[in-house]
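Subject: the model you asked about

Hi,

Here is the structure, with the sequence alongside. Have a look at it first, and then read on for what turned up.

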Amino acid sequence: MTFLVASQNAIAKLVGQRPSAVVSSTDEICVEMTALARDAAVDLAEVHDWQNLIEFHTISGNGTDTSFPMPTDYDRMVQASEIFDPSSWAWHYCHVPDYSEWLRMVEGGTEFITPGIWQIRKNRFQFWPAPGVSEKATFPYISRNIWIGDNGAAKDELTNDTDGFALDERLLTLALVWRWLSLKRMDYQQEVEDYNIALSKAVAKDKGARIYRDNGRYRFLGAVPAWPWRLGP
């Protein structure tokens, strides 16, 4: 479904019209719908770690650099995610979000457990010590590209009626309805309730079924795999 269809559905419910164009139109309701859609889309993207917005990124070390740029479409880390060292399934970089703790560990010459520590500062990924030439750091993140252009390329701005929405289009329509009513200082209690119910269902559906497979080799339910070898003598 394109933005045009989603907005037409919303406008039809509100005023009984279906304009042939919205983004390029100067009609008051079309201008309002376009502005509301941009805000609604961002809010929808932030309410949940949607699988449609999850991407993977790999940082390659050179033995010198400790600071690396974010992916160009980076919005945020996936909740409870880690940065992994692909060369060893058992290890991951330790997240140190506290700046004082970071300084204590770096300036104090703390011996680190392989492969090292990381944090985000100045919109860049910071590592210590510097990842080596053959070392990599891989992690999942949420993309801010919530729209899809005519050519199929993802983007972060709504610019055309033919742009598609990367998430549930019905949620976008419902969001437009209650937001427009709110804008006009009209009662929107039932509309926002309908939206919240649909949102809850979409979030639950997006998580997918959790299936336990006996003797499976991968983690499940967020559990971290145990060290596979004997500890101690």
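Leaving out residues up to four places away in sequence, Thr-2 touches Asp-161, Thr-162, Asp-163 and Gly-164, where a contact means heavy atoms within 4.5 Å. Thr-2 and Asp-161 sit 159 residues apart in sequence, yet their C-alphas are 6.8 Å apart in space. Thr-2 belongs to the segment before H1 and is partly exposed, at 26% relative accessible area. For the burial words, buried is under 20% relative accessible area, exposed is over 50% and partly exposed is in between, using a 1.4 Å probe and protein chains only.

Some housekeeping before the rest. This is a predicted model, in which local features need pLDDT of at least 70 and side-chain atom pairs count only at pLDDT 80 or more, while totals for chains, interfaces and linings use all residues. Residues are numbered from 1 along each chain as its sequence is written, and side-chain values use heavy atoms, with hydrogens and water left out.

The protein chain averages a pLDDT of 88, and 86% of the residues score at least 70; pLDDT is the predictor's confidence in each residue, from 0 to 100. Over residues 209-229 the pLDDT is below 50, and this stretch has 11 contacts in the model beyond near neighbours in sequence. Where pLDDT is low, the predicted coordinates should not be read in detail.

The overall picture

The protein chain has five helices and 11 strands. Both are DSSP runs numbered from the N terminus: helices are H or I with at least four residues, strands are E with at least two. Of its 233 residues, 39% count as buried. Among contacts in the protein chain with a separation of 6 or more, 64% are between residues 24 or more positions apart.

Helix H4 and its surroundings

H4 covers residues 169-183, 15 residues in total, and reaches 21 Å from its first C-alpha to its last, close to the 21 Å expected at 1.5 Å a residue. That expected span is 1.5 Å times one less than the number of residues. H4 is mostly covered, with 11 of its 15 residues buried; among them are Leu-171, Trp-178, Arg-179 and Trp-180. What do the buried residues of H4 pack against? They pack against helix H1 (3-15), helix H2 (28-46), strand S9 (147-148), strand S11 (164-165) and helix H5 (189-207). At the start of H4, a side-chain oxygen of Asp-168 comes within 2.9 Å of the backbone nitrogen of Arg-170. After H4 comes Arg-185, with a positive phi near 60°.

Over in helix H2 you will find Thr-34, which counts as buried at 4% relative accessibility. Setting aside neighbours within four places in sequence, Thr-34 is in contact with Phe-3, Val-22, Val-23 and Leu-158.

Strands

Strand S8 (residues 136-143) is mostly covered, with seven of its eight residues buried. S8 pairs with strand S1 (residues 54-60) in the antiparallel sense over seven bridges, and with strand S3 (residues 74-77), also antiparallel, over three bridges. Two strands count as paired if DSSP finds at least two bridges between them.

Most residues other than glycine have a negative phi, and most peptide bonds are trans. Ala-80, however, has a positive phi near 60°; this residue is in the loop between S3 and strand S4 (83-84) and is exposed at 77%. Lys-122 has a positive phi of about 55°, lies in the loop between strand S6 (117-121) and S7, and is exposed at 76%. The peptide bond from Trp-128 to Pro-129 is cis, with omega near -5°, and Pro-129 falls in the loop between strand S7 (124-128) and S8.

Cysteines

How many disulfides are there? With a disulfide taken as a pair of cysteine sulfur atoms within 2.5 Å, the count is zero. Cys-30 is buried, at 0% relative accessible area, whereas Cys-94 is partly exposed, at 40%.

Cheers

Methods: A polar contact is a pair of N or O atoms within 3.5 Å; within protein, one must be able to donate a hydrogen and the other to accept it, and residues adjacent in sequence count only if both atoms are side-chain atoms.
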